Amino acid sequence: MSVLDRKLLRDLFRLWAQVLAIALVMACGVATIILAIGAYRSLEETRSAFYDRYRFATVFSGLTRAPLQMKNELASISGVSGIELRIVKPVLLDMPGMAEPATGIAVSIPDHGEPAVNRLYLRSGRLPEPGRTGEIAVTEPFALAHRMAAGSRFDAIMNGRKRTLVVTGIVLSPEYIYAIGPGDMIPDQRRFGVFFMPRTALAGIFDMEGAFNDVALRTHRNADFSEIIDTLDAVLTPYGGTGAHDRTDQISHTFLDEELAQLRAMAAVIPPVFLFVSAFLVNMILTRLIALEREQVGLMKAVGYGSAAIAWHYAKLTLVIALIGIVIGSIAGDWLGRGMTRLYAQFYSFPFLIFRQSLDLYAIAAIVSAVAALAGSMRAIWSIASLPPAIAMQPPTPTRYRSFFSGGAHHLKIFSQLTIMALRHLVRWPVRTLLTAFGTSLAVALLIMALFSFDSVAFMVDTVFFRTERQDATIAFANERSPRALQSVAAMPGVLRAEGFRATPVILRYGHRERRLTISGMTENPDLARMLDKALDPVEPAPVGLMISEWVAKLLHLQVGDIAEVELLERAHRKVAVPVSAIVESYIGLAVYMRADALDRVIGDGPRLSGVRVKVDSSRLDDLYKTIKETPAVAAIALQGLSRQRFRETIEQNITIMTSVYTALAVIITFGVVYNSARIQFSERARELASLRVFGFTNGEVSSVLLIELGAMVLLAQPLGWLLGYLLSWSVVRGFESDLFRVPFVINRSTFAIASLIVVTVAAISALIVRRRIDRLDLVRVLKTRE
Amino acid sequence: MDNPIFSAHNLTKVYRSGEVEVFALRGVDLDLEQGEMAVLLGPSGSGKSTLLNIMGGLDRATSGTVHFRDQDLTAFSERQLTRFRRDHIGFVFQFYNLIPSLTAWENVALVTEISPNPMAPEEALEMVGLNERMTHFPAQLSGGEQQRVAIARAIAKRPEVMLCDEPTGALDSKTGIIVLEALWRINEELKTTMAIITHNAGIRDIAHRVFTFRDGRIADAMVNEKRAQPAEVSW
């Protein structure tokens, strides 16, 4: 080992606390790169492999009923490589040990052989056999939630009759990676499941022999989707085709797309924050170290070391710090990545989902971090490498200060001399001061970004569940029924209030823009499901025209007074022009409303109901459930009361995890910045501080010089952090906006306060660690030497 | 000599580093009288700085006692020593130890702000002839000027004792004499007791008494019958 390397090692040991603090900040950058990109790749590649191997369809369409003989016609559409004509029906499930009914979707599979598209992954057991009645395969999350195994039984209301189903196998489908029940905001594995039944058996139950009501097809690689969709629509319209669509309107696929987009955003925003801060810290520590070693460097140059050798010596120091950060960050990133993947496994069902550890990812993270560290060290290294030896060996020229804060006349005592010392030091190195404040403010901003989601979600839950969707349950009928059905529901046990609604799937079009969505018909004076204006006050439905949510208005560029085209998907794609009468607020889905009578007129076949929203006496819930389970007309029931609770729980669990991670990250940034800053100030001023002790200042008074200086920077960081946090949170909200949901942008004042409190506390602890060094100052030694 | 302001008795200081014991002081007895100017001479490592540091409350004796008036410094806590330095002692060091971020005036005010009975910083700077340069920072002052600011800072609190460790060590003869004149004047006008450490034997002539140190002991004590003026000091 060369002598210079020995010096390097000793420097590292001597500066271990600062080295570690920087390495930790850098580790956060490395870990978040590995976490975000690793999780992105895991999810993306697993999904893609699952889609390919199990032939996930690319185009989908529902319809009322069509004969199976159409198969050849459909398969011959140009660009179609595989097709499956299925029966897909909603069913109500009566699960053992569960009072409330669960909702299910029954999907047909071929009697023999594998489906051409949307194949099933068999986790355990076997697929159901066509001859045996009631045999089914169920999706894994539902099976796990009910501890099912081959042989388990449960009852289902199918086509108005209660039947007992027997589980033969547990399966996974590329179509239901993310499975969410109708009307739910978040998956509930207990209350929603998908099961598969041989087509003859399912056809027998639903009177669909020789017919199908759902098409899923796969296309050739370069097929023209819009042409296939148009052809499919033309063929299926006479059979009640509800409009073909590609994967972007497939819920499971879109949800995963959203998740992937968020991971991409995380990879783009978070790691650069840490890499920037660590580059700054490297710059700070190296500048100081080199200032202290100036004379040594002069000596080394004088005895013949070249500038390159000196530069490489300090570059190596930087690289060792980076290496420590990379090792810690890789381990942490791997650990977090596994945790993240486990979390995904709760929400998404894949046959396998592992956190992919690819070498190139670690290499990228390592290189990016090393480059950031070197970039931070460049200026300091250049300054010392380019200094001629004779000048390097002289002491540096004394620091010149400017007389800020003297308060004009000397007798005007605004600040004590100790405070003036602190403030002049801050102003003397404005870039460093601002960067330190900026670094600290990033910690505040990260915390606000993590914490504000509590505020926004709480606000969203309050708005959605307590101001708009105030019903306890939403009952959906299997087929549209006459308005008399409302009385039947109102007469059910425990029902306090019932409001009928009609929902019809449409394509809403304005100019060249269009969206598939559902128009909900509202009663005249809704009390359970209400519409809110932009100020979130309830509004009465307008007698004519569409009331569209702000998001739909934005997507289609619609304003009040515009005439939109409504294509009725369940009415042979008939097109009707309807004016927009109001714009309302909605956070979920693509909400469009009309007053029921107006909607009935548009559809044109008299008043009908798709379902009923009810408010229930909670003490009689079980009776209601029992009645519903025995009511053939009910296809599905969404339980808003349970949804609300589950939504809160899930979101809170996720936010708690996220907040802990971000708090840890913010603590590391704050500690890294404040501790290093304090150590460097202390190093620069050790002599001054010792002098103050000699003159009779107490430890507390002497510390105040450092603490005032740090305090000023941390204080400056707060408003800056609030601003950055506000902007970051806003961009997060904008990034989350999708057709599925929009999170309202709400930050409570307490969030700013909590973020600041955490950062100030960590900063205070970091400063106090350094403060202890003041107690140990060697007064005698410091007076005998020059700076 | 019956009312010493400082009285050291059988003072010993041993530094231990590892196995090695270094005797910095080996039983020193010394009294300083009120208003006296004492010069401590001797080679490096002879113990004079150690004695000064113990008298100033910067260091602690291994054994023996030091009394300031009737208080035993060796029994003082860290906090009491800080208080003692703050209220009674003025220090002047070879490298001035000015605060670079404070102007001359502010460097003096730094000390007067925490003193019970200080003079105005202007007055102290006036006494060392620096009233013209009050708003200058240390980096804008020459070595001699910086040392005079340090002296002004030491006297501004009206200390009973000034302890000066090589006050002219970093200065040339001309500026050294100006600094000595400042010290002389303070001793004469304010009757401040002074102990001055120096390597420069010429300075002995301005003292009332001269103590020569060797190997941690006072090898010689001498009384000047007639003090010389600083200007007469041969450098």
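Predicted model: local features only at pLDDT ≥ 70, side-chain atom pairs only at ≥ 80, totals over all residues.
**View 1. The open four-stranded sheet of chain A.** The strand order in chain A is 2-10-1-11, and the pairing is antiparallel. Strand 2 (80–86) and strand 11 (245–246) of chain A are the edge strands, each pairing on one side only. Strands of a sheet pair through backbone hydrogen bonds, in either a parallel or an antiparallel sense.

**View 2. Strand 1 and strand 10 of chain A.** Residues 59–67 form strand 1 of chain A and residues 211–219 form strand 10 of chain A; six bridges join the two in the antiparallel sense. Within this pair, A:Phe60 stands opposite A:Ala216 of strand 10.

View 3. A:Gly611 is buried because 29 other C-beta atoms lie within 10 Å, where 20 or more are required. Leaving out residues up to four places away in sequence, A:Gly611 touches A:Thr474, A:Ile475, A:Ala476, A:Phe477 and A:Phe501. From A:Gly611 to A:Ser766 the separation is 155 residues in sequence and 61 Å in space, C-alpha to C-alpha.

**View 4. Contact between chain B and chain A.** On chain B, 26 residues are in contact with 23 residues of chain A. Helix 2 (78–88) and helix 3 (104–112) of chain B are the elements that give two or more residues to the chain B side. Helix 3 of chain B gives the most, with five residues. The chain B side comprises 15 nonpolar, six polar and five charged residues.

Conventions: Residues numbered from 1 in each chain as written. Chains lettered and ligands numbered in written order. Pairing = 2+ DSSP bridges. Buried ≥ 20, exposed ≤ 12 C-beta atoms within 10 Å, placed from the backbone. Contact = placed C-beta atoms within 7 Å. Nonpolar A, V, L, I, M, F, W, Y, C, P; charged D, E, K, R; others polar.
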